[in-house]
Amino acid sequence: MMVDFYDGSILYNFKKNKLHICDIDFFKKAPVFNYIGEDFWGSSRYKAPEEYRLNAEITSATNVYTLAGLAYAFIGGRSDKSFEMWEASIDLYNICSKALENNPSDRFETISVFYHQWSKALLI
């Protein structure tokens, strides 16, 4: 599981058109639980609701939430998640909105499913 992954963990080399992941503080093997409570690691801009709850399980759906938050940071309004601030298609907006559902069971179950839906929407 990704823990404390945020926009500062991503470097992009525009000359070489390459993305690099860096500053990885925590990647933990599942199962992962929030034994800290509200102060669980991570940027408040990308933390899922369960990352604030003591003893909550951190799952793949939590990671999906984080990645959707990053999408808003890069092509949306960062903390303003309105469609007016979104700079991509309505289909991608709807995918990110689903990924940011408060209830983890209402999100995409895995990053792979999220990625598949995102890729499919790019082809529309």
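## Strands and a hairpin

Helices (H or I, at least four residues) and strands (E, at least two) are DSSP runs, numbered from the N terminus. Two strands pair if DSSP finds at least two bridges between them. This is a predicted model: local features need pLDDT of at least 70, side-chain atom pairs count only at pLDDT 80 or more, and totals for chains, interfaces and linings use all residues. Residues are numbered from 1 along each chain as its sequence is written, and side-chain values use heavy atoms, with hydrogens and water left out.

Strand E2 covers residues 10-13, and strand E3 covers residues 18-21. They pair in the antiparallel sense, over four bridges. Leu-11 stands opposite His-20 in E3. Four residues lie between E2 and E3, and the two strands form a hairpin. Asn-17 sits in the turn with a positive phi of about 55 degrees.

## The salt bridges

A salt bridge is a side-chain nitrogen of Lys or Arg within 4 Å of a carboxyl oxygen of Asp or Glu. The structure holds three of them. Asp-7 meets Arg-45 at 2.7 Å, N to O. That pair links distant parts of the chain, 38 residues apart. Asp-7 is in the loop between strand E1 (2-3) and E2, while Arg-45 is in the loop between strand E5 (32-33) and strand E6 (57-58). Asp-7 also forms a salt bridge with Arg-78, with the closest N and O atoms 3.4 Å apart. Here the partners are 71 residues apart, and Arg-78 lies in the loop between H1 and helix H2 (90-99).

Arg-107 and Glu-50 form another salt bridge, at 2.7 Å, N to O. This pair is 57 residues apart: Arg-107 is in the loop between H2 and H3, Glu-50 in the loop between E5 and E6.

## Buried or partly exposed

Buried means under 20% relative accessible area, exposed over 50%, and partly exposed in between (1.4 Å probe, protein chains only). Asp-7 counts as buried because its relative accessibility is 17%. Arg-45, at 40%, counts as partly exposed. Arg-78 is partly exposed too, at 37%. In the other pair, Arg-107 is buried at 4%, and Glu-50 is buried at 1%.

## The largest pocket

Pockets and cavities are found on a 1 Å grid over the protein atoms alone. A cavity is a set of points where a 1.4 Å probe fits but cannot get out; a pocket is an open set with protein on both sides within 12 Å along at least five of seven lines. Lining residues have an atom within 4 Å of a point. Grid points are joined across faces, edges and corners, and a volume is the space filled by probe spheres set on the points.

About 440 Å³ of space lies in the largest pocket. Its lining has 14 residues; Leu-67, Leu-70, Ala-71, Phe-74 and Phe-114 lie nearest its centre. E3, helix H1 (60-75) and helix H3 (111-123) each give two or more residues. H1 gives the most, with five. The lining has 14 nonpolar residues (Ala, Val, Leu, Ile, Met, Phe, Trp, Tyr, Cys and Pro count as nonpolar).

## The cavity

The structure holds one cavity of 30 Å³ or more. About 60 Å³ of space lies in the largest cavity. Its lining includes Met-2, Phe-5, Trp-41, Lys-47 and Glu-51. By class, there are four nonpolar, four polar and three charged residues.
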